[in-house]
Amino acid sequence: MTQGKIERWHRSLKNQVLLENYNLLGDLKTRIAEFVDYYNTERYHESLDSLTPEDVYTGCEQTVLDRRRKKRKTIEKRRRPYYRQEAA
């Protein structure tokens, strides 16, 4: 199972970074560093309940999940009058 996760990470890295051509090694290193930062701080991971690794590592996953639930409830409240109006 662990091997599969690292293989998936390498495939993501290849799909995002290695499809471009780099003339200088420094450019490639910079792009890899950008990918690692994106992967850990912005990209949602399905295995982490659609959280980022940074959210889990810093312990704020519950805060993020609560914020999402609150947002969903707000969206549902906004939709209800629209659907009632449309049905009439």
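The protein has four helices and zero strands, and along the sequence the pattern reads α-α-α-α. The model is a predicted one. Of the 88 residues of the protein, 14% count as buried. Among the contacts in the protein with a separation of 6 or more, 13% join residues 24 or more positions apart.

**Aromatic residues**

Three aromatic pairs are found in a search of the whole structure. One of them is formed by Phe35 and Tyr39, and this pair is tilted, with 5.7 Å from centre to centre and 40 degrees between the planes. Phe35 and Tyr39 both belong to helix H2 and are four residues apart, about one turn of the helix. Ring pairs also bring in Trp9, linking Trp9, Phe35 and Tyr39 into a cluster.

Phe35 is buried, because its relative accessible area of 2% is under the 20% limit. Tyr39 is likewise buried, with a relative accessible area of 13%.

| Residue | Relative accessible area | Class |
|---|---|---|
| Phe35 | 2% | buried |
| Tyr39 | 13% | buried |
| Thr41 | 25% | partly exposed |

A polar atom of the Thr41 side chain lies 2.6 Å from the backbone oxygen of Asp37. Leaving aside residues up to four places away in sequence, Thr41 touches Thr52 and Glu54. Between Thr41 and Leu51 there are 9.3 Å in space, C-alpha to C-alpha, for a separation of 10 residues in sequence.

**The largest pocket**

The largest pocket holds about 280 Å³ of space. Its lining is made up of Gly4, Lys5, Ile6, Arg8, Trp9, Tyr39, Arg43, His45, Glu46, Ser47, Leu48 and Pro53. Helix H1 (residues 2-16) gives the most to this lining, with five residues. By type, the lining residues divide into five nonpolar, three polar and four charged. Two members of the aromatic cluster, Trp9 and Tyr39, are included in the lining of the largest pocket.

Methods. Residues numbered from 1 in each chain as written. Predicted model: local features only at pLDDT ≥ 70, side-chain atom pairs only at ≥ 80, totals over all residues. Heavy atoms only, no water. Buried < 20%, exposed > 50% of the residue type's maximum accessible area, 1.4 Å probe, protein only. Contact = heavy atoms within 4.5 Å. Polar contact = N/O pair within 3.5 Å; in protein donor to acceptor, adjacent residues only side chain to side chain. 1 Å grid on protein atoms, 1.4 Å probe; cavity = no way out; pocket = protein on both sides within 12 Å on 5 of 7 lines; lining within 4 Å. Points joined across faces, edges and corners; volume = space filled by probe spheres on them. Helix = DSSP H or I, 4+ residues; strand = E, 2+ residues; numbered from the N terminus. Nonpolar A, V, L, I, M, F, W, Y, C, P; charged D, E, K, R; others polar. Phe/Tyr/Trp six-rings, centres within 6.5 Å; stacked < 30°, edge-to-face > 60°.
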